[in-house]
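Subject: Structure for you to look at

Hello,

Here is the structure I promised to pass on. Please open it first, then read my notes below.

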Amino acid sequence: MKHLTPVLTTLLCVSFYSQANTTAAGKTILARGAVVATDATSEQQRSLKRRDTVYGVDKITTGEKSKAQFSMSDGGLIALKENSVLNIANYEFDAATQQGSASIELIKGGLRSISGVIKKNGGSYNVKTPVGSIGIRGTHFELQLVDGDMYVAVWDGAIDLTLQDNSILSLGSNEAFSFAQVTSVGDVIKTTQAPAIFTQSIASINSNDESEAEQDQIAENSASENNEDADTVLADVYAEQQFQAVSNAALIDQIAQRQGIFNYQATSFDVSSSLGEVSDFSMSMSVDFDNGTVPDGEISFNDAGGNWYAAYSGFIDLTKLDLAVTFASHNNNKAVGDIDAIFLNDIDTITGDFNLNEISNPAVNSSGSFRLEP
């Protein structure tokens, strides 16, 4: 019997993996860069793109400057950062009974997670890491592995981290601390402020370098005005932005389900220019829901100095549109600028704002807000 046990264990594992792989754990709602799923049974790899299904057991890997976001079967959300490896060891949810269980393992890199119905209804939801196992109590939390150490941030709710020595580290609501660093040798450093790794990781989640810098500067200015630590303010800004970005599950589902290319036009706007009155404003945006992209968009209007024109493109990032101005001009002068937009409550309304300025003379500038509908 001693010789049969390893064989039996292997057979049971193969059977489990085969069955688990037939069960959808969730869908891909964002895949940027190199995002690969590896089948645990066959070791076959497939590149993930928007709307692709992820299964249990899938091992998901993100490469350099890559990221992925997944809407899980129970409505939970998982965002993987660059250079990460996540094993979906188990994710089962019965829509009829609204019951299930989940177990995921962060092997490398970092993730954010918001729990769904499984945890809300009292099911088991476990997150394994190299430094210990996490039980969650209905929460929005974030993990980052760096050189053997694990950094933890609890933005909402609470977690219980069982360490290798079986001691329990509790963080979040009704606990003294919400942030901690667990070293590779098991030492725990609790903090009242988010570890700097999380304020630095904004670059891997937000839209583009310019907007990140602007957001950082706003937070730092706010900290200076209120005599608060800049890292604390940045962490607060980051947590709120990310929680708001991923918490509207109904809207995310609408975006995921829509198919085809829709052309949006400005239905209302408020635009100003440093040169005075603005006229003949027009704005269009093409949204490709099949591929999760914004292939093209244009803004045009006139002021006393001539015609402002901007072309932009980008992609859908959860409920917001990650956009970049690809060309801009004012009369015969080259210009630069940026643009931000989000879906507002439903996918038939997009709101946002923009600003433009001449490269050679930044004092000549314009800005505005807009509302777009199909």
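F281 and F301 are both buried. Keep in mind that this is a predicted model. By the ring criterion the count comes to 10 aromatic pairs. F281 and F301 make one of them: the ring centres are 5.9 Å apart and the planes stand at 35 degrees, so the pair is tilted. F281 lies in strand 20 (residues 279–288) and F301 in strand 21, so the pair ties together parts that are 20 residues apart in sequence.

Y309 and F327 give another tilted aromatic pair, with 6.3 Å from centre to centre and 50 degrees between the planes. Here Y309 sits in strand 22 (residues 306–317) and F327 in strand 23 (residues 320–330), so the pair ties together parts that are 18 residues apart in sequence. Y309 has 23% relative accessibility and counts as partly exposed. F327, at 42%, also counts as partly exposed. There is a cluster to look at too: F269, F281, F301, W308 and F354 form one aromatic cluster.

Stay in that region for S300. S300 belongs to strand 21 (residues 293–303). The side chains of S300 and N307 are joined by a polar contact of 3.2 Å. Leaving out residues up to four places away in sequence, S300 touches D280, F281, S282, N307, W308 and Y309.

Now the overall picture. The protein has six helices and 26 strands. Of its 374 residues, 47% count as buried. The accessible surface comes to about 17,500 Å², and 49% of that belongs to carbon and sulfur atoms. Take the contacts between residues at least 6 apart in sequence: 51% of them join residues at least 24 apart.

Nine strands form an open sheet with antiparallel pairing, in the order 4-1-6-7-10-13-14-17-18. Its edge strands are strand 4 (53–56) and strand 18, each of which pairs on one side only. On average, neighbouring strands of this sheet are turned by 20 degrees against each other, direction ignored.

Two pairings from the sheet:

- Strand 1 (residues 23–32) and strand 6 (residues 67–72) pair in the antiparallel sense over six bridges. R32 stands opposite K67 in strand 6.
- Strand 17 (residues 179–182) and strand 18 (residues 188–191) run antiparallel and are joined by four bridges. Q181 has I189 in strand 18 as its bridge partner. The hairpin of these two strands has five residues between them, and G186 takes a positive phi near 95 degrees there.

Last, the backbone. Most residues other than glycine have a negative phi. Which residues other than glycine have a positive phi here? E43 is one of them, with a phi of about 65 degrees. E43 is found in the loop between strand 2 (35–39) and strand 3 (45–47). Its relative accessible area is 54%, so E43 is exposed. N166 is another, with a positive phi near 75 degrees. N166 is placed in the loop between strand 15 (158–163) and strand 16 (168–172). With a relative accessible area of 62%, N166 is exposed.

Best wishes

Terms used
Residues are numbered from 1 along each chain as its sequence is written. This is a predicted model: local features need pLDDT of at least 70, side-chain atom pairs count only at pLDDT 80 or more; totals for chains, interfaces and linings use all residues. Side-chain values use heavy atoms; hydrogens and water are left out. Buried means under 20% relative accessible area, exposed over 50%, partly exposed in between (1.4 Å probe, protein chains only). A polar contact is a pair of N or O atoms within 3.5 Å; within protein, one must be able to donate a hydrogen and the other to accept it, and residues adjacent in sequence count only if both atoms are side-chain atoms. Contact means heavy atoms within 4.5 Å. Two strands pair if DSSP finds at least two bridges between them. Axes are lines fitted to C-alpha atoms, for helices over the stretch in contact, and angles run from 0 to 180 degrees between N-to-C directions. Accessible areas come from the Shrake-Rupley method with a 1.4 Å probe; for residues, only the protein chains shown count as cover. Rings of Phe, Tyr and Trp (its six-membered ring) pair if their centres lie within 6.5 Å; planes under 30 degrees apart count as stacked, over 60 as edge-to-face and the rest as tilted.
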